[in-house]
Amino acid sequence: MRHFGILWAVLAALFIAGCGGDSIKSPTFTQILQAVTVQPSTASTPIGRTVQFTAVGEYTLPPGSATPTEQRPIEDGVQWAVGNTSIATIDQNGVATGVSPGSTQVTATIDGVSSTPATLNVGDAVVESIAITPANPTVSLGNTVVLSAIGTFSDGETGPVSVNWSSSNTGVATLAPATGPSTTATGVSQGGSTITASTVNADGDPVSATTTLTVGPFEPILLSLQVTPDPATQPVGRPQQFVATGTFSTAPGGGGTTTMPATVTWSTANSDVAIIDAQNGVATGQMIGSTLVTATAANGVSDSATFNVTAPVLDRIEITPPNPTVPVGANVTLFADGVLTNGASSPISVTWNSDNTTNATVVAGPATTTLASGLSVGTAVISATNGDITGQTTLTVTDAEIVALDRVEPNPAGVAVGRSRVFTAIASLSDGNEAVFPNDEIMWSSSDPDIATIDADGRATGLVEGRVNITATRTETGETASALLVVNDGVCTIPLRAADGAVITPQLTPLCVLCSLEDGENIIDLNDDNFGTLNVPVGLLGNSAGARVRSLTTFEGGNNAGFIIGKPAGTLLLAEVTSQVQVRTLLDGVVQEDSSDGVALRVELLGLELLGGGETETALVGIRTSVPYDAIELSFNSGVASVLSEVQVFQACGTAEFSPPASPLVGIDRIEPSTSIVAVDATRGLEAIGVFENGDEAPIPDADLIWESEDPTNATVSPLGLVTGISPTTTPAVIRATLDPVVYPDIDVNNTAVGSVTVVGNVCETPFRSADGATIEGDTGGLCLLCSTSNLENVIDDLPNTAGTMATTLNLLGSVSVTVTKPPLAPNIMPVSGDNPGFVIGRPVGRVLLAELLAEFEVETLLDGEVQQSSDTEIPLRADLLGLSLTGDAELAVLTVNATQPYDSLRLTFQGLLSAGLQNDLSTAEVFRACSTTSLPN
């Protein structure tokens, strides 16, 4: 009501003044500030807290007012100040903040009028809140946790505060002490309890905090540590494992402590000497010296051990390249590097070893390197050892790989005009073997496509007479190889001519009276119409006249080789030809195959002379070859009362192709021979015989066939039908000849024939070989007229199906022998039980009877030319029949002795004994091999 009275008085005064009353002053009156006071005049606050000060001004009132002045708060324009800003500060709103303990004055100034100072006393900071650490802790049963009360003070600082501690559930957790900045909580039983910390601050305000303590299952507490080993010693770079074993508390009532590995953090006192993995405790020396290795647990428990670091030593051996791969037959150089414990490495001399010498071998050393050789597909662990340190690597041996394009086969090759010949590119493999290049990896070309063309499958077709080079180019590398193809308009596909370096020599036996070779040069000239003539007017049975033609070229087995011959008058009878004409092949002057030794002589009548148009009837006489040759020989044998005493020889055919009948081919009838035997590494030529519409039979050219072996691991077959034994068979290997569908697309019946080949192991396990330096010589003794040895080089060559010959033509208690001698510089051959040295022999005609063998043959061992042992006097001769010959129809046998004394030579003597006053039927024997060790039949 008082305020309303004042208001009405003011309004009345204004009304009167407005009416012009003389007792009231004009409204232009201005109040004047007379004084300023600060309220409160005295205040107290702790550090960090604030005090609100207010400025009150005393102003004059207009005349006639009840009082001359009035007081009212001043809100704007006040300038505040404190006497000592290190004790307190104040903002422009009059809010003062305590800074440090002490007392200071506070003044307010407005419009130049300053107040009477007020006093502000600043006391110490007071706690405003409490936090318990750790918050919401968990302690295992029987163990303790220290709880601390951390206060937040009015000045913003934090620090320990003495409080009163209490547990809401003393059956779960107890506290001690009950008062203080911290307490220890002990887990009594599993569960939870609320922990309270409380106090009253300096201002009398209660302050408290709570946290939840959880008591869990018992967990051991680490009490102490032991680091082992102590001390430890390792060279620089070699790791040392340290172990920290802790002593832990046990559960209440558990009886004390227990030990177990502890989780720790590892460190070293000197990281220049050694470093350590902080987690796993593996220390590694960096330099020679000593340092402490320390393990520290999370609760601060620690222990140390001494680590002595010595000079670096050999730590391991590394083999490079690591885990190499090499094909069979190839080599890889391996290097051994010794790696010291500090990581330094250098080549080191080691002893090398392979754990599987069947797959791979090494040069043992000691050496820093070795040559590892792949022998068979598989793996071998190669080790390198120095002292007690061994390094290893795994060598993987893969299938043999192609090394190079070696050659093109056949080379040379002959083909008739209009006919085809299939060429193959031969690759040399890393294992020393060979393989046929797939045609998709070869590009074929002809040096003159007008003479002969060749397709992508290697099939060359002759167009006109001439010569071309057939070239195979390996698409991957650009390597090339070539073969000569001779295109000839006749059955003689590669005639041997003087223009190409062929040489002809007559072959006349001593007792062939008036036998001769006339105009022999006509056989090898360029004129196919003329001829040489073989004459045998008078001669003992077994004598002959012949012509031998040698080429500068070596022909591979599987070809037909022979001569074109004729008879001037009358008909050339097949019976006369087969009984009196022989064809043989030679290599380096040594007979390889002979139509008189079981190799079939094939005769093809060619009708009226094809070369000159005369009245002479001609024929191709030839043999199917199985081994390489560089010369062919035609022998015209004398006979008793033979009407065939003269033969014309038109051409010598390095290769020939028996012409099929003019009638169309119906299909394949058979393979000849249908069954055969071949030794490992030996070869045998096969032919496919076709049937024609007119009923004739004739060989089918190999170019029109696809030859295949159903078991190439036992026997392979070449495009010429040449079978090679690879490994012995338990059942015969099947060889298949199929008409090439490119040549005969319309024949889908009877287009295949099969034959079988039995592959036998070489009974001669260790032959005497000229390639190893062995030598051979023949000799005769006693009354042995016309006894002889021939082609003895075949006994010590690499071909198991070529033979030398021992003959006792007119033997009167005489003998013929061959002696094989080991290389002069090789050590004496020491006999081993079961070696059984001896010879593999055969008889060209009929069967070799055991009785004849034992009666007429003798095997001797010699040393420095002196007989050591003899089957005639000291040791029994063993004779084993081996079945059909590997080359023809002769019977093979092995003659051996069980030697017990050293020897360096073997001698085989053929006695040729008389039986009941008559010459024994066994007058000729073939010698295939001489053996220092044999594998005899059971």
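**Close-up 1. Phe242, Trp266 and Phe307 come together as a ring cluster.** What holds the three as one group here is a set of ring pairs. Keep in mind that this is a predicted model. Searching the whole structure turns up five aromatic pairs.

**Close-up 2. Phe555 stacks with Tyr629.** The ring centres sit 5.4 Å apart, and the planes make an angle of 25°. Phe555 belongs to strand E55 (residues 544-555) and Tyr629 to strand E61 (residues 629-637), so this pair ties together parts that are 74 residues apart in sequence. Are these two residues buried or exposed? Both Phe555 and Tyr629 are buried.

**Close-up 3. Phe857 and Phe910 make a stacked pair.** Phe857 has a relative accessibility of 4%, so it counts as buried, because the cut-off for buried is under 20%. Phe910 is buried too, with a relative accessible area of 0%.

**Close-up 4. Arg72 puts its charged end over a ring.** The ring belongs to Tyr59, and the charged end of Arg72 is 3.9 Å from the ring's centre.

**Close-up 5. Arg602 lies over the face of Phe658.** How far is Arg602 from the ring centre of Phe658? The distance comes to 5.8 Å.

Note on methods
Residues numbered from 1 in each chain as written. Predicted model: local features only at pLDDT ≥ 70, side-chain atom pairs only at ≥ 80, totals over all residues. Heavy atoms only, no water. Phe/Tyr/Trp six-rings, centres within 6.5 Å; stacked < 30°, edge-to-face > 60°. Helix = DSSP H or I, 4+ residues; strand = E, 2+ residues; numbered from the N terminus. Buried < 20%, exposed > 50% of the residue type's maximum accessible area, 1.4 Å probe, protein only. Lys NZ or Arg CZ within 6 Å of the ring centre and 35° of its normal.
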